[in-house]
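Open the model in your viewer and get ready to select residues. Each stop tells you what to pick and what is there.

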Amino acid sequence: MDIKPIRSEADYETALKTIDRLWDAAQGSPEADQLDVLATLVEAYEEKHYPIPLPDPIEAILHYMESQGLSEIDLATYLGSRACVSEVLNRKRALSLEMIQKLHKGLGIPADILVQPYTVQIDEVAD
């Protein structure tokens, strides 16, 4: 097994091709061990060179609602009234710390996603 660190895009591409070739290696074989090591190296390279940003908090909430079959009414427990839920989801009101804590504890949405900055559209009041 001749495995080297992934230091360049060329090394990365070579590792991906090797992973593809080894994909169906028998469990416990030297090829499977090589596949495991290469996958770990590729993962480390991708984390450094292709980081995936955390999602927008409101998009994350909407995705969670869709995946769990929740409605805006279901979120009232965590965000307050139905009007408050609507304001948050329509970016008219920012999530408060209390809302973030309730969404995290009650629905399991990661707090590090919910605390990300995002745009809130504040309506200007005419004079």
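This is a predicted model. Start with its largest nonpolar core, which has 18 residues. Select Ile61, Leu75, Leu79, Leu95 and Leu103: these touch the most other members of the core. Now colour helix H3 (57-68), helix H4 (72-79), helix H5 (82-89) and helix H6 (97-107). Each of these gives two or more residues to this core.

Keep Leu95 on screen. Which residues does Leu95 touch, leaving out those up to four places away in sequence? Show Pro57, Ile61, Leu79 and Val88, then Ile100, Leu103, Leu114 and Tyr118.

Next, move to a second, separate core of nine residues. Select Ile6, Ala15, Ile19 and Leu35, which are among its members.

Now turn to the aromatic rings. A search of the whole structure finds three aromatic pairs. Select Tyr12 and Tyr45. Why is this pair called stacked? The ring centres are 5.0 Å apart and the planes meet at 25°, and planes under 30 degrees apart count as stacked. The pair links distant parts of the chain. Tyr12 sits in helix H1 (residues 9-22) and Tyr45 in helix H2 (residues 30-49), 33 residues apart.

Tyr45 and Tyr50 form an edge-to-face pair, 6.5 Å centre to centre with 65° between the planes. Tyr50 is partly exposed, at 40% relative accessibility.

Last, show Tyr12, Tyr45 and Tyr50 together: they form one aromatic cluster.

Methods:
Residues are numbered from 1 along each chain as its sequence is written. This is a predicted model: local features need pLDDT of at least 70, side-chain atom pairs count only at pLDDT 80 or more; totals for chains, interfaces and linings use all residues. Side-chain values use heavy atoms; hydrogens and water are left out. A nonpolar core is a set of buried Ala, Val, Leu, Ile, Met, Phe, Trp, Tyr and Cys residues joined through side-chain atoms within 4.5 Å. Buried means under 20% relative accessible area, exposed over 50%, partly exposed in between (1.4 Å probe, protein chains only). Helices (H or I, at least four residues) and strands (E, at least two) are DSSP runs, numbered from the N terminus. Contact means heavy atoms within 4.5 Å. Rings of Phe, Tyr and Trp (its six-membered ring) pair if their centres lie within 6.5 Å; planes under 30 degrees apart count as stacked, over 60 as edge-to-face and the rest as tilted.
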